Amino acid sequence: MLLVVDHVSCIYGADTNMPVAALKDINLVIKEGEFIGLIGHTGSGKSTLVQHMNGLIKATDGAIYFHGQDIYDGDFDKKNLRSKVGLVFQYPEHQLFEVDVFSDVCFGPKNLGLPKKEVELRAYKALKQVGILDEYFYQSPFDLSGGQKRRVAIAGVLAMEPEVLILDEPTAGLDPKGRDEILSMIKNLQKEMGITVILVSHSMEDVAEYVDRIVVMNKGEILFNAEPKEVFKHYKQLEEIGLAAPAVTYIMEKCKEAGIPVSTEPTTIYEAKQEILKVLVQRK
Amino acid sequence: MGIIQTKNLVFEYIRRDEEGNVEGFTRAVDNVNLDIKQGDFIAVLGHNGSGKSTFAKHLNAILYPTEGAVFVDGKNTTKKDNLWDVRRTAGMVFQNPDNQIIGQVVEEDVGFGPENMGVPTKEIWERVEESLKAVGMYEYRKHSPNKLSGGQKQRVSIAGVLAMHPKCIILDEPTAMLDPKGRKEVIRAVRALNQVENITVILITHYMEEVIYADKVVVMDKGRVAMEGTPKEIFSKVDKLKELRLDVPQVTLLAHELKKSGVKLPDGILTTEEFVKELSKVFGNR
């Protein structure tokens, strides 16, 4: 078990007269190589939770274990944790600052105190992994398109060679093609490199398409923790907490209501298509 | 002439290197001709870097044309004397709600615009009230904006523009940073303004589902208008849209995929109701 969140609670402003419980008794186990989707409306505690996972916020109560070690132990290497659990914030391209793409990606590993050769090797590898062509390496990161900037920012985290990659809405503000590109790139990292991925997202369609397991947060608690099909069965409950099921689920529901005997399980376009074709063929 | 008209609009900017030497020119908007009528709901689509935001910034004189001209309610935006009229006629809402709210209290924030226009105090309060009611945020008038959700903040931003009594609102990806609920709230508010108050809406977005109610969709690519038509016409061309890095609503895509596999469905299905109706026909015929 790679990362264990054990009875974690977090209270903001605990010593004031307006304490806010952001996380309430969270239990979560993350295994190596998983692709997890973390969903919840604005203010449900998603970001607070992921910031606990690399030690940016300390839990008010409870413990977090990374590779079985308690990260709150006095002799635990926090710096190592932060490089092993990489966090990509929302709009990460706002954090680009160097004169060229390559130096920007070098910044992280350089700060780990690695030899220059190793730093450059890692930066090169990371840029290749996110699909940035050599010709862009010595351009200013500010001259790139939105999608490219975001790739460079993600490369900056990959160059730390994390075991867990946490991305907070990596596709916000990108055009549809850009969204697909970034997400398939992330899926690839998980599949090819075995990186564990936690994807914070507002898009149910994306989550349905890419992740193995969904964790639904509401008011600082975990409401569901299961595979997408299972979670989206409860779409009425999801709506109550400001979320929804993928559009496909609704289409299938309506079809069924209209007397077309389809299953309401499909959550992706491909599955829906197969299901409808199957029903049509049976009818013949 | 409509409320907004662009004539051969061109915008170029100069690219410079670090020392400030000219590296070249980029044509961000290239010969755009549009005539938008009062009360229209226009959606603008286009991939990142297609020029849609640059175009939008011409509509309330944040940017000025390099060539051609923009007329807002018949007034040329390049003339300095017209600036206030142009900005008052065409209000703009941006992507990030946190960048647009300055007041400590919701109603103060909404009153900021009319106050700057020199509207009498009594009328400011009337305008604040009606604007907040129009976007469904009246009950939050005494709240602090930073305690609101993203969708609520964005609706306050829209109310802030409304209080200036514009004839036209331009929204540049107003839902990009919101969760599904917030997105719905904002789009519902925008549609109500268009239908009830007859305010012209120009909505720039990356979410295909948001544009199916528009009167007209304009697709931009490389600074030009690449496609123009009703949502039905535009979303019938699934492959062309994909080439332009765009997408179609999920239900349209599903119908398109089924059609490719031989199911007899019409092009350009936009809503679930339509889809179910058409599929029922196919199903009944078998």
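Helix H6 of chain B has 17 residues and reaches 24 Å from its first C-alpha to its last, close to the 24 Å expected at 1.5 Å a residue; the expected span is 1.5 Å times one less than the number of residues. Helices (H or I, at least four residues) and strands (E, at least two) are DSSP runs, numbered from the N terminus. This is a predicted model, in which local features need pLDDT of at least 70 and side-chain atom pairs count only at pLDDT 80 or more, while totals for chains, interfaces and linings use all residues. Residues are numbered from 1 along each chain as its sequence is written, with chains lettered from A and ligands numbered from 1 in the order in which they are written.

**Around helix H6 of chain B**

- Among the buried residues of H6(B) are B:Val186, B:Ile187, B:Val190 and B:Leu193 (buried: 20 or more other C-beta atoms, placed from the backbone, lie within 10 Å of the residue's own).
- The buried residues of H6(B) pack against strands E3 (41-46), E7 (168-172) and E8 (200-204) and helices H4 (121-134) and H5 (150-162) of chain B.
- After H6(B) comes B:Asn198, with a positive phi near 60°.

**The sheet of chain A**

- Six strands, in the order E6-E7-E8-E3-E9-E10, form an open sheet with mixed pairing (two strands pair if DSSP finds at least two bridges between them).
- Strands E6 (85-88) and E10 (221-226) of chain A stand at the edges with a single partner strand each, so one side of each has no neighbour in the sheet.
- From one strand to the next, the twist averages 15°.
- E7 (residues 164-168) and E8 (residues 196-200) of chain A pair in the parallel sense over five bridges, and A:Val164 stands opposite A:Thr196.
- E3(A) runs parallel to E8(A), joined by four bridges, and four bridges also join E3(A) to E9(A), again in parallel.
- A:Gly37 has A:Leu199 as its bridge partner in E8(A) and stands opposite A:Ile214 in E9(A).
- Four of the five residues of E3(A) are buried.

**Where the chains meet**

- In all, 32 residues of chain B are in contact with 34 residues of chain A (contact: C-beta atoms, placed from the backbone, lie within 7 Å).
- Helices H6 (180-196), H9 (250-260) and H10 (272-285) of chain B each give two or more residues to the side that touches chain A.

Notes:
Axes fitted to C-alpha atoms, helices over the stretch in contact; angles between N-to-C directions. Buried ≥ 20, exposed ≤ 12 C-beta atoms within 10 Å, placed from the backbone. Contact = placed C-beta atoms within 7 Å.
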